[in-house]
Amino acid sequence: MASEEASLRALESLMTEFFHSCTTNERKREIEELLNNFAQQTGAWRHCLFFLSNTRNEYVMMYSLTVFENLVNKQWLGVASQDKMEIRNCLPKLLLAQHKVMPYFIRNKLCKVIVDIGRQDWPMFYHDFFTNILQLIQSPGLASLGLVLLKTTSEELACPREDLSVARRDELRKLLLEQVPTVLGLLTGILESYWDKHNVMGTTPPPSPTSGEDVELLGSLFQGSQYSKLLCQPMAELDQDSHQLCCLVLESLAHLFSWIPLSTSITPTLLASIFHFARFGCDLRTKAKPDPFISSSNGPPSSNGDGRSLPQSAEGKQDRARLGVLAMTCVNELVSKNCVPLDFEEYLLRMFQQTFFLLQRLTRENNSHTVKGKLQELDECYLEKFTDFLRLFVSVHLRRIESSPQFPIVEFLALLFKYTFNQPNHEGYFACLEIWTVFLDFLTTKIKSRLADRESVLNRYKDALGLLLREVLNRIQFRYNQAQLEELDDEALDDDQQTEWQRYLRQSLEVVAKVMELLPSHAFTTLFPILQENLDVYLGLQQFIVTTGTVGRLNISAENDCRRLHCSLRDLSSLLQAVGRLSEYFIGDVFASRFNDAVAVVERLVEVTCYGSQSSLYDLETAVPSVLKPDLIDVHAQALAALQAYSHWLAQFYSEVQRQNQSRFVSLITSAVDASSPLLTPKVPEKLLLSACHLLVSMASTVRPVFLVSLPAIQSTFRLITENNSPGLPPEAHMLVCRALSNMLLLPWPSLPESEQQWQTRSSSHASLVAALTRDYRTLRGTTSLPQGSTELGNMKAVMQQTLPVLREVVDSISGESTKSRQICYQSLQESVQVSLALFPVFIQHPDVTDEMLSFFLTLFQALRVQMGVAFTGQIIHTFLSMFTREQLAASILQEGSAGCRVVQKFLKILQVVVQEPGQAFKPFLPNILSLCMEQVYPIVAERSSPDIKGEMFELLYQVLHQNWRYFFKTSVLASVQRGVAEDTMENEAQFTAAMQAFGQSFLQPDIHIFKQNVCYLEALNSKHKLYHRKLFRTSMLFHFINVLLQVLLHKSHDLLQEEITLAVYNMAAVDFDAFYSGFMPEFLTGCQGVDSNQRTVLARNFKLERDLPSFTQSVHRLVNDLRYYRLCNSSLPTGTIKL
């Protein structure tokens, strides 16, 4: 005893020293090593049991429990049965004796150790483990301890870690499921008894409108539900101990609900009890009443640090809210389950009725609080849980409940509407908008599947949708919602590259668009008048413009007028985006029926864009330039963008009037071009300039009117771009304008026969355009070496980096077009392509330039390889292959993320395009391409991460194999028809084997993206070419691949890909199940380290000889789990242990 006392004092001293701020890291390491050595001793647990019983030092207690935890979880198999019995007896006694004086985290740790013992030994060796927990829960003074043990048992036994065999996991779950009805009955009893006890003894409810009004409110929602009166009872007043106990019950229920199946064990009484406590979250009391149940043993009142007691209301309110949060967590666990047994559907309906009683409480105004004020005072967590519930209800269960006569859906939507538009913060509002989006999707799907009674379904919801639309539109307008909208940040970008304001507007407009899809006429008549009103303000600015010389000024200076103008312009910008978002609902089958609405919108947009350009509103001086000038620019840009959104409508309009009077259409197009062309100057703000450029591109690419190229504004744009003396546009704008002008000349005019396309004239015009754009670039043709002067080299690079992106844009824009368009394009570009090829070797050491050149060549190969012809394409490939030596590749690849690395990536992409080309033209390059991959690129990247290069290289290998299968496997037509013929003739076997080895090697590396990509490639090759069935693969590679994939599962290094890996193993095994079960599995198990022969036998026996995918998958998961479990057990046994 004396020696144990001395050990305890020494341990206390060591622990105190370890956690002291002055202790050095070196000394900490020494102490740590000492403690680890002590813990490893046989019988160390006896000392720890003494320490736990005789110390108050928290560090010592935690250390001692950690020793027990390791013993139980890692060494339990090797502990003598007598010692196990002693530990099973001593630890629960210690818990019962000291749980009141232990810190809560020590108590919880001790509970976990006891539960861990139960996980190993219940029921065989620890038969009273669960009985003891049930007894504790029923003992008045020990119920909280029993509940902690119950929750820990649910966490550790129902969802155990992998340190158990599958059989033991299944046994534990079965044992727990048998106990569930008893446990739920006990927990229901506790909740009921505490509610009844405190409700009866609590004071009467306050005289404010309560139960009477509630019953009246519930009339429509519940239709006389027996629970309405129950839920209208006054709230219970709980003392601190009761509150703590009810919290533990609800926490335990929440975890139980996360894994037990929905069944009638979850009784109506239990649900009613949970909802009683969910009401605590709706509590708005500001003053806590004196509570006769709070005894002096609970300690002194809370203090704020200066000796004065804090009022209990804040803390009491927080406690009550916690009960509400926990109760709603229980509800959400139940509602999140999609699989609902038939006998549980009635319970579910009852649950929704009870929750919507709470929703009514939350959204009911009274004399002292508005709905918004009420929600602002509620606990944030409670509101989040409630919103989660609504989301789960609408997304998972609405389809079940919506048609039930007992569930009034329209009244529910009215409550959801109030809840949504009274949210106290933006995040809450966003979450509610997402719920409406899910509901609108549900309604759209329902209507599409029931076209016969479309109108009756829509009429049911018409009023609700109309209200939703109007309110969402009001929420995006500063006119109605300035204070909230001003709070939104419009500068910082999130992960989706949008500001908080843009996200707010986008989510709102999605709701508007979905309502428009359901109620097009109603939505349009709601939105268009609001747009008109704001447009009138904007167009009316003309009267306030004062021009002095060449400078215009907006003569509005009063602060109030400026503020009103700012709000109106911001709203106009949002409404223009809304109108643009709705453009898709005017085209297709509804074009004729909604033509008048659409033409009204387009004419208004053309009017406003012309007005903005003619008045140069973006250039006006204003009283508040930092506010009004950006507003004016934004409105103008959004008007152009909205008009661009209607380009598909204009294209359909053009096709409808092709052979009729086109005057109205010509007028719209001419005005739209007249609105854009004055903005094509570097003096215009870039936001506005780019909007004008995009509109021009859409006119040329989507609408394609015959007369477009002859319009005076377009002719002046041609001159602007082709004449050298004009100041240049910014690069992006310049590329867009070039794309538009090129498309006007290259793209076929719609609905016209080939004979009327004027290809000859357009071809010559396009050649002139490209010649002008490449004037400086083509002068570099004779360059054979780089100039010495840095200025001259810089100028050459600048010319190349300016011209090549434009040419790439021109080619890219016609990649999916007709052969004629591509022929004309290549004729115009032919000289520039030859110049590029001649310059490539000269600039090979300058990755910034070669990066741009290869981007151009990649686009050329993707769009114009047929036009370039086999001979010239071969010359390009030959040049590239000869330039990319191993040294050159190594220098580029080793600088990850550099321009050189990007150059190699693009080169590999070009080769991917080449090997995918059908026919025999490019087949002669296959040996060189494979050689480049396997002998030059692969050795450099094999042992490095290089994810970008590896990804492209493996895709190239896959495309070589997939598109050129006959390069490796010759199959005659006769052989494929006849059954039982000899195997395919194999050619180029060495290269095929090297490629497969590269794939196999990638499965031994940590990069999960490459791993997934390559598993998919192998599966695709098997699906399309029966890769796994080929003799070479089957006899010399198949089992190696299965082995590697199973080892990956064992090491858990790529756990996210479990499904993909198991499917690949199944498909490989399915080639010959008999050989897999009789040959591979015994060999695999024999080679497994860390297990004995008996365990191997059990593993083999448990791997059922199934041939269907679900059963096979289950067997693989069981094998992997149990093999890991056996290794864990065996590694924790003491040396010399005899295993029976």
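This is a predicted model: local features need pLDDT of at least 70, side-chain atom pairs count only at pLDDT 80 or more; totals for chains, interfaces and linings use all residues.
**View 1. The stretch annotated as an Importin N-terminal domain, residues 31-97.** The name comes from an unreviewed UniProt entry, whose domain annotation covers residues 31-97.

View 2. Ser 64 belongs to helix H4, which runs over residues 58-74. Because its relative accessibility is 0%, and buried means under 20%, Ser 64 counts as buried. When neighbours within four places in sequence are left aside, the residues in contact with Ser 64 are Cys 48, Phe 51 and Leu 52.

**View 3. Helices H28 and H29 where they cross.** Two packed helices are described by the angle between their axes and the distance between the axes. For helix H28 (residues 663-676) and helix H29 (residues 686-703), the axes come within 9 Å and cross at roughly 145 degrees, and the crossing is left-handed. On the H28 side the contact is made by Phe 665, Ile 669, Ala 672 and Ser 676, while H29 contributes Ala 692, Leu 695, Met 699 and Val 703. Sorted by type, the residues of this contact are seven nonpolar, one polar and no charged.

**View 4. Helix H37 and the helices packed against its buried residues.** Helix H37 has 14 residues, 870-883, and reaches 20 Å from its first C-alpha to its last, close to the 20 Å expected at 1.5 Å a residue. Among its buried residues are Phe 872, Ile 876, Ile 877 and Phe 880. The buried residues of H37 pack against helices H35 (819-839), H36 (847-868), H39 (899-916) and H40 (926-941).

Note on methods. Residues are numbered from 1 along each chain as its sequence is written. Side-chain values use heavy atoms; hydrogens and water are left out. UniProt positions are given in the numbering used here, feature names are shortened, and annotations may be inferred rather than shown by experiment. Helices (H or I, at least four residues) and strands (E, at least two) are DSSP runs, numbered from the N terminus. The expected span of a helix is 1.5 Å times one less than its number of residues. Buried means under 20% relative accessible area, exposed over 50%, partly exposed in between (1.4 Å probe, protein chains only). Contact means heavy atoms within 4.5 Å. Axes are lines fitted to C-alpha atoms, for helices over the stretch in contact, and angles run from 0 to 180 degrees between N-to-C directions. A crossing is left-handed if the near helix is turned anticlockwise from the far one by less than a right angle, and right-handed if clockwise. Ala, Val, Leu, Ile, Met, Phe, Trp, Tyr, Cys and Pro count as nonpolar, Asp, Glu, Lys and Arg as charged, and the others, Gly among them, as polar.
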